Amino acid sequence: MTEVPLREPAFLILTALADQPQHGYGVIEEVRRISDGQVRLQAGTLYAVLDRLREAGLIEVDREEVVQSRLRRYYKLTGLGARRLAEETVRLRRNVTVAGQRLRKLGLSGGAA
Amino acid sequence: MTLETRYRRLLAWYPAEHRARYADEMLGVLMDGSSPGQRYPRLRESLDLLTTATWRRLGQARAGFTDSRWADASAVLGVLATILLCGKAVRPISSALAYHIAFYGYAPYQVHWSLTLRAALWAGVTVAVLGGWRRIAAPAAWFVVCTDAVLLLARHPDQRLDPLTWWATMLEAIAAVLLTASSGPRRGLRLLARRGLVLAAVAAVVEALAPVIEPFLAQDWPPPPAPAPLPEFYFFASLRQTVVSGLALGTYLAVAALIAWSINTTDPVVRRRAVIVAAPLAAALAIVQLSVDEGFSGLVYVLPPPLSGTAGWAALLTVPPFLAALGLLLLRRRERVGPSGVPPV
């Protein structure tokens with residue numbers, strides 16, 4: 001695989017969008033839920049990552065709504081984005097498996113995964 | 001001031017293009033994430049917005065300088081600089097020949113080998129540029145710069161730290177940088193087209209041959225009618241020197257006008273960038289000429305150079321950067337992307 005590994009915010013945003021199209025604030029909330037409250041994206045970071053993902057063709061605009069006179073743009077995963085997320089998941093799973101095996105040898109609980 | 005206004009002020013740090021695409025949406029996200037009664041943006045989100053906006057601007061600036069339009073401008077200026085430097089390299093030879101003929105009535109058997117070498121090397125670079133040989137032109141220009149630096153060190157071993165001694169070599173280095181950063185001399189030739197190239201060639205010929213007239217106007221030739229009264233001698237000497245200086249200044253202005261005309265023949269998008277690069281260089285050249293004794297042949301020979309010492313350095317360090325910054329600002333305003341995504345014509 002020649003692709004550069006996704007950074008955590010990008011991985012989590014793609015994961016958030018894998019379920020259903022989301023608007024900006026929805027993505028922030030979903031990422032917080034997925035990461036068990038560990039990752040709280042700020043608006044600046046969110047839109048920097050969304051812009052990069054959009055430029056790379058991994059996400060696209062699904063629809064736009066105006067709620068309380070404010071624009072809400074919903075983003076969804078593209079086919080390319082879904083494949084990229086799948087590849088990244090395989091890569092991370094492989095790393096987790098190796099880490100788990102080594103931790104089991106040390107008798108640490110992290111190996112139970 | 002409301003929370004929304006404060007958020008809008010923070011979002012104003014983003015470049016216009018980013019604001020046009022995301023600002024309303026981001027404002028909605030920020031307002032959705034705010035607590036009831038909150039009056040100020042949180043510190044963490046403010047820092048996040050300012051940091052990402054700054055990175056966005058830096059990224060845009062980098063992308064702006066690496067786009068092909070700047071490489072095209074560099075190609076145009078690289079071709080022009082090479083042709084002019086070829087003329088400049090021939091200039092001392094034509095001057096030496098003219099003085100020798102004026103004094104002795106015949107051409108010398110040879111001129112100093114270093115002058116001939118430099119002229120031959122720049123002629124070689126010019127041939128490479130006019131032939132459109134990208135892989136040869138830039139390395140050849142750098143070779144000439146290195147050769148010239150070695151010759152200069154050998155000739156002025158006591159002036160190694162004086163940058164004003166190096167200004168001619170710096171000009172050559174700038175030409176080499178332009179050729180290196182360009183999209184290739186072939187592209188530069190195509191952008192200049194025949195008209196632009198003819199104008200540049202005329203400028204180089206004017207630059208190379210203008211000193212031929214000089215010996216006939218110089219204060220040492222012809223000698224003042226003897227026995228001339230002393231005030232009359234100084235009057236004639238001063239008059240002749242002023243004419244010589246005027247000739248030198250006139251040559252610079254004529255060359256500058258021809259090069260400006262040549263740049264004017266190119267596509268407007270390339271032309272604007274070429275002017276932004278060329279204007280600070282031209283200003284720096286003029287400042288150096290007004291700062292050294294031999295600049296513009298010592299315009300009024302009884303007075304020191306107009307920008308001698310600290311004034312010269314201050315002008316050199318402030319005027320060219322100011323012109324570059326002003327040019328970039330005007331370019332940005334001129335080519336700002338509108339809401340439709342299309343830059344104004």
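## Cysteines, chain contact and backbone

Cys86(B) is buried, at a relative accessible area of 15%. This value, like the others here, comes from a predicted model. Cys86(B) is classed as buried because its 15% falls under the 20% cut-off. Cys146(B), at 48%, is instead partly exposed, since the exposed class begins over 50%.

| Residue | Relative accessible area | Class |
|---|---|---|
| Cys86(B) | 15% | buried |
| Cys146(B) | 48% | partly exposed |
| Asp36(A) | 68% | exposed |
| Ala193(B) | 37% | partly exposed |

**Contact between the chains**

Chain A and chain B together bury about 1,700 Å², and carbon and sulfur atoms account for 51% of that area. Three residues, Gln42(A), Tyr47(A) and Arg70(A), provide 35% of the area that chain A buries against chain B, more than any other three residues. In terms of residues, the contact involves 18 from chain A and 19 from chain B.

Between chain A and chain B there are 5 salt bridges. One salt bridge pairs Arg72(A) with Asp32(B), with 3.3 Å between the closest N and O atoms. The pair qualifies because 3.3 Å is within the 4 Å limit.

Which elements of chain A give two or more residues to the side that touches chain B? They are helix H2 (24-34), helix H3 (43-55) and strand E3 (70-77). H3(A) gives the most, with 8 residues. Sorted by class, the side of chain A that touches chain B holds 7 nonpolar, 7 charged and 4 polar residues.

**Positive phi values**

Asp36(A) has a phi near 60°, a positive value in a residue other than glycine. Asp36(A) sits in the loop between H2 and H3 of chain A. Is Asp36(A) buried or exposed? Asp36(A) is exposed, because its relative accessible area of 68% is over the 50% cut-off.

For Ala193(B), phi is likewise positive and near 60°, again in a residue other than glycine. Ala193(B) belongs to helix H8 of chain B, which covers residues 185-209. With a relative accessible area of 37%, Ala193(B) is partly exposed, since that class covers values between the 20% and 50% cut-offs.

Key: Residues numbered from 1 in each chain as written. Chains lettered and ligands numbered in written order. Predicted model: local features only at pLDDT ≥ 70, side-chain atom pairs only at ≥ 80, totals over all residues. Heavy atoms only, no water. Buried < 20%, exposed > 50% of the residue type's maximum accessible area, 1.4 Å probe, protein only. Contact = heavy atoms within 4.5 Å. Buried area = accessible area lost by both parts, 1.4 Å probe. Salt bridge = Lys/Arg side-chain N within 4 Å of Asp/Glu carboxyl O. Helix = DSSP H or I, 4+ residues; strand = E, 2+ residues; numbered from the N terminus. Nonpolar A, V, L, I, M, F, W, Y, C, P; charged D, E, K, R; others polar.
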